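Look at the structure below and follow the text with it in view.

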Amino acid sequence: MKEQVVCKTTDLEPGQMKASLFGKQNVLICRTLDGEFYAFLNQCTHQGAPLDKGMICGATTDKSKPGEYDYCRKGEIVRCPWHGREFDIKDEGRMLANPNKKLPSYKVRIENDDVIIYK
Amino acid sequence: MAKNKIAIVDTDIHERVQYKDILKYLDEPFKHYITNCHWIQEKHMPYTQPAVAGVDRADAVLPDGRPAGSDLTFMQKQLLDDIGHEYGILTSALDPSPSSMHGWYEMATALASAYNDWQIEEWLEKDDRLYGSVHIAAQDRDAAVKEIERVGSHPKMVQVLLPIDDIMWGDPFYHPIFEAAEKHNLMIGMHHNEPPVYYGKWPRYFIEWHTLIPTAHMKQITNMIFNGVFDKFPNLGLMMIEGGFTWVPHIMWKMDQQYRDLRHEVPWLKRKPSDIFKEQIRVTTQPAEELTKQEFTSLIEQMGTDEILCFSTDYPHWDYDSPTRALPNMDPDLKKKIFAENAKAFYPKLPNS
């Protein structure tokens, strides 16, 4: 499978995500608040939970100091529905607590109203 | 068995009651206190559980908004049928947790009875795979014994549940509870509620508290063993639920070392503590730390037996362990033991087919 339309741009408001199929693979389409689209394998790297059942949200960042929370990145982080692991949509799906781990990702392009993903 | 080639006995499934569901099993005036006076059980913890949906797996919250674990049909679909459980043991969501209440023993006792009746009627008698835990208000010891006598002989009740909280249950005051459990072939299941893990208080962050839960489990085991519970009740077993397991070799070594030096103080112990542990204490696997096969095998060797660990999911809570992903690959014989045979050998009332 080279490329496939996985949804319409109108299917997702900024800050939302949804599951779709890319061939037989269950994929996660995310739309960040700036309107951009991203696609990942819809499976947590830890125990395989379906990420679309989690949430797209912000994060307390590494700029935080002891006792002082820095919360931002709204709409740019996917959190797993089970253990709450956080993946950075805008940084190749890297896990915040361990950036060496990342969600397998797909390339995305938009044509007319179609969201197309490809390897 | 649907997807799994091996049988699974899940030793920690949290069914959840909503207070409105147990009203019909409650007598007055207790029903009145909930319906009209808005009683809810006290909570101690200052934090939320900072996962996606609080204490629950976000995908286990019911589509109509009811809390995870509150609907048998949904649980069957998402857990029992999907994974292919042979048996699952219900351990409740610890709300109500009658034995954790600081006062109002009458309410605690009434809640325990209502909960048991609800559990039997709404869960145990509706799904052959589910087995249950007897709830008691242990602080009123004599009422607790009566409740064990009342429902303990139900064929699907396999253990008496005690919270790991701020009471050490090995105290001889509570021994009549163990006597009643032993009489009915019930084991003791201990699950933490909201134990103070920081010198009797709360650490500043949830992550500290959650890290230290195994210390509360170790305290109960140390207390039960040195108070002679297992010598006094040789047919009693203790299942430690939801503390993980990587601490097991440590507490075995530590207790044995102390026993060699200080046995004089606890002369009723006839076996060394690690032998008592191996014979009468079992530990559920969740929440499993991520270990390599080599690390896991080494831990089992350090325990001196492969019969202690019993698989558990903790469904539907956020730190759920998947039966296919949480533990490393292991040899087929060991896998059978951990996923089913150890639990079947431990609970006398669980069918051992």
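Which residues are buried in helix α6 (residues 175-183) of chain B? In this predicted model, they are B:Ile177, B:Phe178, B:Ala180 and B:Ala181. An α-helix has 3.6 residues a turn, so residues three or four places apart point the same way. Seen down the axis of α6(B), the buried residues fall within an arc of 160°, so they line one face of the helix. That face packs against α5 (141-151), β4 (157-164), β5 (187-192) and α8 of chain B. Just after α6(B), B:Asn185 has a positive phi of about 60°.

Leaving aside neighbours within four places in sequence, B:Ile177 is in contact with B:Ile136, B:Ala138, B:Arg141, B:Ala144, B:Val145, B:Ile148 and B:Val160. B:Ile177 also belongs to the largest nonpolar core, which has 118 residues. B:Ile177 is one of the residues with the most contacts inside that core, and the others are A:Val27, A:Ile29, A:Ala39, B:Ile136, B:Ile148 and B:Val160. The largest share of the core, 8 residues, comes from α4(B). Apart from this core lies another, of 5 residues, among them B:Phe296, B:Ile300, B:Ala326 and B:Leu327.

In what order do its 8 strands stand? The order is β1-β2-β3-β4-β5-β6-β7-β8, the pairing is parallel, and the sheet is open. At the edges are β1 (9-13) and β8 (309-310) of chain B, each with a single partner strand, so one side of each is left without a neighbour in the sheet. Helix α4 (residues 105-124) of chain B packs on the sheet, where it touches β2 (87-90) and β3 (130-135) of chain B. The direction of α4(B) makes about 175° with that of β3(B).

The pairs can be traced one by one. β1(B) and β2(B) are parallel and share 3 bridges, and B:Ile13 stands opposite B:Leu90 in β2(B). Between β2(B) and β3(B), also parallel, there are 2 bridges, and B:Gly88 has B:Leu130 in β3(B) as its bridge partner. Within β2(B), B:Tyr87 and B:Ile89 point one way, B:Gly88 and B:Leu90 point the other way, and all are buried. Further along, β6 (residues 238-241) of chain B runs parallel to β7 (residues 281-284) of chain B, with 3 bridges joining them. In this pair, B:Met239 is partnered by B:Arg282 in β7(B).

Chain A has an open sheet of 6 strands with antiparallel pairing, in the order β1-β10-β9-β4-β3-β2. Here β1 (3-8) and β2 (16-22) of chain A are the edge strands, each with a single partner strand, so one side of each lacks a neighbour in the sheet. On average, neighbouring strands of this sheet are turned by 30° against each other, direction ignored. One of its pairs is β9 (residues 105-111) with β10 (residues 114-118) of chain A, antiparallel over 5 bridges. A:Lys107 has A:Tyr118 in β10(A) as its bridge partner.

Finally, the two chains meet. The contact takes 11 residues from chain A and 12 residues from chain B. The side of chain B that touches chain A has 7 nonpolar, 1 polar and 4 charged residues.

Conventions. Residues numbered from 1 in each chain as written. Chains lettered and ligands numbered in written order. Predicted model: local features only at pLDDT ≥ 70, side-chain atom pairs only at ≥ 80, totals over all residues. Contact = placed C-beta atoms within 7 Å. Nonpolar A, V, L, I, M, F, W, Y, C, P; charged D, E, K, R; others polar. Pairing = 2+ DSSP bridges. Helix = DSSP H or I, 4+ residues; strand = E, 2+ residues; numbered from the N terminus. Axes fitted to C-alpha atoms, helices over the stretch in contact; angles between N-to-C directions. Buried ≥ 20, exposed ≤ 12 C-beta atoms within 10 Å, placed from the backbone. Arc of directions from axis to C-beta. Core = buried A, V, L, I, M, F, W, Y, C linked by C-beta atoms within 7 Å.
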